[in-house]
Amino acid sequence: MIDEAREDGRVVREAREGPGDATLVNIPAQLHPDVIAGLGRVGIERLYSHQAQALESAWERTTIVTTGTASGKSLCFNLPTLDALCRDAFSRALYLYPTKALAQDQARALGGFGLTKQVRPAIYDGDTPRDARGDVRRRANVVLTNPDMLHLGMLPHHDSWERLFSHLRIVVVDEAHVYRGVFGSHVANVLRRLLRVAAAYGSDVRVLLASATIANPVELAERLTGLDDVGLIDRDGSPTPRRQIAMWNPPLTDEAIGARRSALGEAAELLARLVRDGARCICFMKSRKGVELLARMVTEDLKGANPDLAERVAPYRAGYTPQQRRELEARLVNGELRAVITTDALELGIDIGELDAAVVVTFPGTVASLRQMWGRAGRRGKGLAVYVAGEDALDQFFCRHPDEFLERPVEAAILDHESPQIHQAHLLCAAYEGPLGREDAEFFGPRWEAHAEALVSAGLLRKRTPRGGSGGDGSESGRGEREEYVLRRPADYPAARVSLRSASPDSFAIVNVSTGELLGQTEASRAHSTVHDGAVYLHMGRSYEVRELDLEHRRALVAPFDGDWYTQPKRETDTTIERLLDRREALGVSLSFGEVSVTETVLAYQRKRLSNHAQLDLVALDLPETSFSTQALWFELDADRLTGMGGSGTVGLEALLGSLHATEHAQIAVLPLIAMCDRWDIGGLSTNLHPQTGRPTIFIYDGHPGGVGITRLAYTRFEELCRDAHRLIAECRCKSGCPSCVQSPKCGNLNEPLSKAGALVLLEGLLGQQALATEAQGGGQLRT
């Protein structure tokens, strides 16, 4: 089928990787003899070079390993852990994983070394039976858990985990690249709390991290842990399989509006053909609903002539029971399944056996994730990796520049542990775990006390002087020098109010009225636009219709939904500049970065048909305004210059707002090229006259309260942002704007007004004709 798609133009680029030979070295002689014997039991007589380097580094300092998929990263932290446990029977280790499946996989791997007397691994997560949890606390010397369980179930009850925290020697943070944005900012605070509690019990902890390839591994490790002197292991010594890569773009069905054949339909045909040809495949989709739909399409395709093969295709997604997950994983490992369609639940390093092909349907959000997914193919020495593009702006941008896409450096992972609402919420959690004192600057940084004072002003913390007014060494404190911060209400349990996936503690509960189940929470700042009355709400890929948004009780009542439409809110947004943090001249405009207040009023919502995005109706809403503070960049344009701008056209005053709006959309669409984020993490506002600047102004802001550093990075790389936005628009073949260039699926003005031509002229004016000519002569390479 690849040959057919190559001939009809659907395959826009092919490439090949590998094969490459392994670099093997001897096992370090100083490794404990029992661990060397354990390696022999699993058939390992020599190590890849990066595994030996990681072991040496782990003995000396905090270390992050960032090598390719299937490169044996687990051994990089398992070896120093096993060595520590074999040398000291009291030592303990804590492994942190973002998913339950990864923890299960690693527990099996640890058991494979046969060190049953020295190594007692146990999983502690939401699936652990309550009657077994006490045994985990008492007996296990390797506890495998996730950040949520550490935050909610372990740190607040550290006295129940005294054996662990008193002898904690190693903390492993696997799949560290997952911890970015809001989630990463929370996890960075959880890790600081962990190190603080361990220090209180007298433990000296070594932190080891493993990550997919990213642009800033050392910075990520430092920001996650608060530690410095981080060792980096990034030279991969594992063998590289021979891998064929294909970029697949569904054919256009209407060039004028940019419509293409469904990416799902193309992927279903491809997967069915691969299964018939005997290949073992994995296919990645963003949404749980998409996973189920694609699995059904592939199964239906196979049922006619190959009913036995249809039974060997299965979806794998979040939401299954523990037993269902284990059964599916077993079928994957033993080869019973020919194809599995999954969300990113299987993107990470779970050992699911040898696969021939990996298909990724639509861009997963980052090049790092895409390469991790592609790395699943070729574990028998050769494989096929396919990217099936959607109609989204980034998908089509990459299809127009396939060479750049394949050679593009991976992105930087961004987080900000001091994002005020996140950081202050965790300071309250830390105060529950033990009074906050001056020595906590070692863990939370030099500015923690200013945040603590803000919590005192809010009535959440209070200051006190320890009994006797002396320090821990018995010395006199003198005038309250040993003052510490404690909870204003000692019976409070702040961890229960902090969701690691939300930037704000102020949230709405989402309740399924058909079952009474609490599905989750959404930030109060987003509730009006995501769970208003009549909204179609996606939770873990499943659709629900909001029956009522109960403002008084702060909950949204939803019911399962299987209709053929989706909803898009129409809202009015205002931004108020609260604090200027930085300003510079860039591309002839005044570019600023600072703190803003975003005020939104949801006025109505539009229903659109799923199949063709046709507008069905517009339903009015009556909701109060909401506001939140965040970080933003903004740039001001001179109105006279805009109206008289040369180049390929001019922007008249009547088209000014549409030009600004389309420019804002294009910049937001390409921002994920710079930062590891999703366009849903970013908001924007364009106006022809902002009351504070007095000029036409475009704002781009972090969509989460407090911000997590996304727009800070965009501010520093603003010129690159404008170049990418210009190319996105200029190279799209539609006439007046489409989802592949200036239309946005999240636009609060329902994509009105938009002027593709005006945005093109505006960006050309910013970049200058000379810069554009230079870029064209250079082959149009993206600056990265």
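Start by selecting N751, which counts as buried at 15% relative accessibility. Here, buried means under 20% relative accessible area, exposed means over 50%, and partly exposed is what falls in between, using a 1.4 Å probe and the protein chains only.

A quick word before moving on. You are looking at a predicted model, in which local features need pLDDT of at least 70 and side-chain atom pairs count only at pLDDT 80 or more, while totals for chains, interfaces and linings use all residues. Residues are numbered from 1 along each chain as its sequence is written, and side-chain values use heavy atoms, with hydrogens and water left out.

**Stop 1: the loop between α25 and α26**

Keep N751 selected and colour the loop around it, which runs between α25 and α26. Helices (H or I, at least four residues) and strands (E, at least two) are DSSP runs, numbered from the N terminus. N751 is not a glycine, yet its phi is positive, about 60 degrees. Finish with P753, in the loop between α25 (718-730) and α26 (756-767). The peptide bond that leads from E752 into P753 is cis, with omega near -15 degrees.

**Stop 2**

Jump to G18 and P19, which are joined by a cis peptide bond with omega of about -5 degrees. P19 sits in the loop between β1 and β2 (24-26). Then step back to R16, a residue of strand β1 (residues 11-17). Is R16 buried or exposed? At 61% relative accessibility, R16 counts as exposed.

**Stop 3: inside the largest cavity**

The structure holds 2 cavities of 30 Å³ or more. On a 1 Å grid over the protein atoms alone, a cavity is a set of points where a 1.4 Å probe fits but cannot get out, and lining residues have an atom within 4 Å of a point. Grid points are joined across faces, edges and corners, and the volume is the space filled by probe spheres set on the points. The largest cavity comes to about 50 Å³.

To display its lining, select A54, A58, T63, V65, K73, C76, F77, L208, L209 and A210. Two or more of the lining residues come from each of α3 (49-60), β4 (63-65), α4 (73-87) and β9 (206-210). Sorted by class, the lining has 8 nonpolar, 1 polar and 1 charged residues. In this scheme Ala, Val, Leu, Ile, Met, Phe, Trp, Tyr, Cys and Pro are nonpolar, Asp, Glu, Lys and Arg are charged, and the others, Gly among them, are polar.

**Stop 4: the cysteines**

How many disulfides does the structure hold? There are 0 disulfides, a disulfide being a pair of cysteine sulfur atoms within 2.5 Å. Select C86, which is in no disulfide and whose nearest cysteine sulfur, that of C76, is 18 Å away. Then select C738: it is in no disulfide either, and the nearest cysteine sulfur, that of C732, is 3.5 Å away. C738 counts as buried, at 1% relative accessibility.

**Stop 5: helices under cover**

Select residues 181-200 to bring up helix α9. Its 20 residues reach 29 Å from first C-alpha to last, close to the expected 28 Å, where the expected span is 1.5 Å times one less than the number of residues. Of those 20 residues, 18 are buried, leaving α9 mostly covered. G202 follows α9 and has a positive phi, near 85 degrees.

Now switch to helix α23, residues 656-670. It has 15 residues and reaches 22 Å, close to the 21 Å expected. Because 14 of its 15 residues are buried, α23 is largely enclosed by the rest of the structure.

**Last stop: E418 and R447**

Finally, zoom in on E418, in the loop between α17 (402-407) and α18 (420-433). At 14% relative accessibility, E418 counts as buried. Which side chain makes a polar contact with that of E418? Show R447: the contact between the two side chains is 2.7 Å. A polar contact is a pair of N or O atoms within 3.5 Å; within protein, one must be able to donate a hydrogen and the other to accept it, and residues adjacent in sequence count only if both atoms are side-chain atoms.

Methods:
On a 1 Å grid over the protein atoms alone, a cavity is a set of points where a 1.4 Å probe fits but cannot get out, and a pocket is an open set with protein on both sides within 12 Å along at least five of seven lines; lining residues have an atom within 4 Å of a point.
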